[in-house]
Amino acid sequence: MNKIVLSAALLLSSIGLQAQQKSTYNQYDLFHPLFNYTLSTPSRSGTGAPGSAYWQNQADYKISVNLDDEKNTLEGEVEITYKNASPDKLNFLWLQLDQNQFSDKSRATAATTITGGRFGNTGTNGGYDIKSVSIDGKTVDFLVSDTRLQIKLSTPILERTGIAKIKINYSYNIPKYGSDRTGMHDAQQGTVYEIAQWYPRMCVYDDIEGWNVLPYMGAGEFYLEYGNFEYAVTVPASHIVVGSGELINPTECWTAEQQKRLAQAANSDKTVVVRSAEEVKDAASRPKTEGKITWKFRCNMARDVAFASSKAFVIDAARINLPSGKKSLAMSAYPAESGSDKGWGRSTEYVKGAIEYYSKWLYEYTYPVATNVAGSISGMEYPGIVFCGSTSRTSGLWGVTDHEFGHNWFPMIVGSNERKFAWMDEGFNTFINFYSTDNFNNGEYKESKMDMHQLARQLFREGAEPIMTIPDVIQSNNLGYEAYYKPGIGLRLLREQILGPERFDYALREYIKRWAFKHPTPFDFFKTIEDAAGEDLGWFWKGWFYETWKLDQAVKEVQYIDQDPKNGAIVTIENLDKLAMPVTVDCEMIGGEKLRINLPVEIWQRGSTWSFKVNTTLPLKSVSIDPDHVLPDFNSRNNIWRPLNYRK
């Protein structure tokens, strides 16, 4: 490269963007002192932690059902022990009846667009048939309102210590495809039943809203109380059942050889086949050749349970190594046609890799088994079990497995309100998936480095909606961005560009510890991160989560002091749109020397322009703002200043 010496006068001009753009930035909007996202109460501290008087109700479940694979129905009963820890007497109870979404009379059916979609409902012969409801052994009247059931109590449940035992007998027709949450898959050797939202569940009663009774429309997921579960699933003897928690009658459900293989898997880092593809057609691979078998499970300190059942299942498993030394088992259940070394034959390896990584980084996995099920559901999470698409392969199968099991931290351990704040589980999980994918198998599926300038075009596209939007309100084509990708990218920015990994990771772990098996709001997260990281981030929460503001930082001009580069240069940068971020500027001199200047976000508290001195000794060849493309600057054309007559 040839060097050309330019006069100081020419160096005062620049090329590139030089159409001047008027700034729409207003520091009084972004750094508004009244943006107060929480107030301290006895139940919730102003630090973002649970308060000294925090309370939470509990729901314990005993469930017994029969799966009829000829009629495709589920029938049985649930007994709920509901414990009122709140300071309020409860004159009525609300329960969720999510299967009612699949009735042709549901709100979800009425609100489904002509084109349908992943969470749409085109009408089914579905919904619960509630046969009876009793409390403490006495039959009670009840009201069904779409996907909710209300019980009006003759005697209130007392505050703090009140307990009610609710028993409900019910049945429903299993939907073929239930909003990508539950359904049936036609495998070559038999139907795969992926069963979720399969029993009436208590609505959450909390200190924020009292009863949380938003109807289930499909896009918004779930908000559930924690408790202990015992459930029994009676199925044809040819079936294998996998479910949330621990199987407590394995000798009745597995053959002696399969029990031996499971014991081997529990001590193996390599995948062990428990039931092979060849054995699926062999009646001897089941303990009984006819009749039925009841599978009994226990799952403690959980917010939900789900299960899958099929005579087509191939089963394999391996040990999960947890930091404390506790035992857990990675397991996969899939039809034979899904298995291969490029498909579900590696599923257990993926489960193991994801859970071991998150357990070391965030919080130790809490369930005795982690099961991945192949079926028609493209991706859905439940405590200790997930449903993923049977045709997924290689990086696609890793990605969906990793994502769904990441949900065992958000929202299974940290129990946010998914019905309102989808980003608190989907966005968190998208964020942690970035790092788990980079880590897995020495970066086997590691993606190329993100160019945030390119991504900004998607994040700040026309028609974008605020992250803080209820998922049923978000337009369906925006849900992936606003619930998943933009909050995930935002947390990555917070970790890598604003706080740094050490401060952010400590604060995130503190948030998980504070709110494990509890119910945080968005404000509890915001304040905990600020509290543990020691940083006022109101500008970031407001600009990224509450608004659809864009980021556009620019180099405005360069002037040499007394028109002599040896005296230094004054660089002026601009913030042209409403969002702001910290600043990195690279200044390269003609001789090749580079100077990097890092400026905090607080420079933008002074207005839309900022000038600073650079100690130059030679003329500048270029000045670049965000040279590494790590910020979502949607207009790269104004990021580089060059002298007018510089030639290479």
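**A close look at loop residues**

A: His-629 has a relative accessible area of 27%, so it counts as partly exposed. The cut-offs explain this: buried means under 20%, and exposed means over 50%. Keep in mind that this is a predicted model. His-629 sits in the loop between strand E32 (620–625) and strand E33 (640–643). Its backbone stands out too. Phi of His-629 is positive, at about 55°, although the residue is not a glycine.

Now turn to Phe-517. Here, too, phi is positive in a residue other than glycine, with a value near 65°. Phe-517 belongs to the loop between helix H11 (501–515) and helix H12 (522–533). Its relative accessibility is 14%, so Phe-517 counts as buried.

Another loop has a peptide bond to look at. Phe-410 and Pro-411 are joined by a cis peptide bond. Omega there is about 20°. Pro-411 is placed in the loop between helix H7 (394–406) and helix H8 (426–439).

Find Glu-279 in the loop that runs between strand E19 (272–275) and strand E20 (292–302). Its side chain makes a polar contact of 2.9 Å with the side chain of Arg-261. Set aside the neighbours within four places in sequence, and Glu-279 is in contact with Arg-261, Val-274 and Ser-285.

Technical notes: Residues are numbered from 1 along each chain as its sequence is written. This is a predicted model: local features need pLDDT of at least 70, side-chain atom pairs count only at pLDDT 80 or more; totals for chains, interfaces and linings use all residues. Side-chain values use heavy atoms; hydrogens and water are left out. Helices (H or I, at least four residues) and strands (E, at least two) are DSSP runs, numbered from the N terminus. A polar contact is a pair of N or O atoms within 3.5 Å; within protein, one must be able to donate a hydrogen and the other to accept it, and residues adjacent in sequence count only if both atoms are side-chain atoms. Contact means heavy atoms within 4.5 Å. Buried means under 20% relative accessible area, exposed over 50%, partly exposed in between (1.4 Å probe, protein chains only).
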